Amino acid sequence: MANFETIRLDKGLYSSRKGFTAELESVDPSENYKGTALEGLDAFERQLKRFDIKIHGAASDCVEKFFQTSDSAALFPEYVARAVRKGQEEADLLPYIVACKTDINGMDYRTIASVPTESEKELQETEEGTTIPETNVHTQENLVQLKKRGRMLVASYEALRFQRLDLFTVTLRQIGAYIARTQLKDAVSVLEKGDGNSNEAPVVDMAGEALTYNDLVDFWNTFDPYQLNTMIASPDMAAAILKLSEMRDGTAGLSFHGTGKIVTPLGANLLKSSAVPAGKLIGLDKTCALEMVQAGGIMTEYDKLIDRQLERAAITQISGFAKIYTDAAKVLA
């Protein structure tokens, strides 16, 4: 039953499209450990247990613990990828604005689109014997622009070998946070300027130079039949919203001061980001405005991390964004 203690580990496990942990799971399924002390651990975590590598807490091991054997060294790239992914998830606002995520195996992807007319947004009564109204779905003219985002990890093994893994994880999480912020900037750009298929977001002008509650209400009213359920605001616009007198009632103030969560009079989720240009606010229906396309997850140069023990290795992710329904996102400026 202790199959995990005899598995041969090498960098070939990273060459699969399924990924390192998925490959391990195929030969060492977690379901085999139900009712044991190892229940709740995945295949990678069981390998950490096997080599007694502690990666969290004040008593965490040093980086050199991974390189005591060739088998344990094969675990290091997965540790790096998980730490980066954790930092990405902690700083990631994309789940609040992305309607769907598409994973692809290549570098070329052409999304689909449907641009309904005003009459097509309503299901009209169909008389017997008459033609049922159509909704046309077609592929976009231009491919989704995929971008590689990442960082080059440069360090000598001698410089890091005695550093605690808990501290090194902090650095890796920051790399993940950088990737998340840059991806958000890409997403905001597509929401505002479109994805190259003539689908720029409509712009709604404010009545005056300063934002008012009436501007927000009028903006909200332009979204029918979509819902304004998410707003991404530049820092100055987010502050302007919070300073509105309508935001100073007891309930809104208590929630903001007690939890730091922003409450809007419109019931939309308000996100603050410097990715939005100053003086602008992007509103969207989160359920149908934006598609995220990615070619794999966090990728590491696993061969360099194993063979050269750090030195110089890239940590990257390839992703892009596409508009789904153009009118489901608008700009208030």
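**Strand pairing and aromatic contacts in the predicted model**

Threonine 230 stands opposite leucine 284 of strand S8; strands are DSSP runs of E with at least two residues, helices are runs of H or I with at least four residues, and both are numbered from the N terminus. The model is predicted, so that local features need pLDDT of at least 70 and side-chain atom pairs count only at pLDDT 80 or more, whereas totals for chains, interfaces and linings use all residues. Residues are numbered from 1 along each chain as its sequence is written, and side-chain values use heavy atoms, with hydrogens and water left out.

Strand S6 (residues 230-233) pairs with S8 in the antiparallel sense over four bridges, pairing being assigned if DSSP finds at least two bridges between two strands. S8 also pairs with strand S12 (residues 329-332), again antiparallel and over four bridges. Within S12, lysine 330 is the bridge partner of glycine 283. Both faces of S8 (residues 281-284) are covered, with Leu281 and Gly283 buried on one side and Ile282 and Leu284 buried on the other.

Twelve aromatic pairs are present in the structure. Rings of Phe, Tyr and Trp (its six-membered ring) pair if their centres lie within 6.5 Å, and planes under 30 degrees apart count as stacked, over 60 as edge-to-face and the rest as tilted. Phenylalanine 4 and tyrosine 33 form an edge-to-face pair, at 6.1 Å centre to centre with 75° between the planes. Because phenylalanine 4 lies in the segment before helix H1 (20-27) and tyrosine 33 in the loop between H1 and helix H2 (43-50), the pair ties together parts that are 29 residues apart in sequence. Phenylalanine 4 is buried at 6% relative accessibility, as is tyrosine 33 at 2%.

Phenylalanine 76 and tyrosine 79 form a tilted pair, 5.7 Å centre to centre with 35° between the planes. Both residues lie in helix H4, three residues apart, about one turn of the helix. Phenylalanine 76 has a relative accessible area of 0% and tyrosine 79 one of 3%.

Conventions:
Buried means under 20% relative accessible area, exposed over 50%, partly exposed in between (1.4 Å probe, protein chains only).
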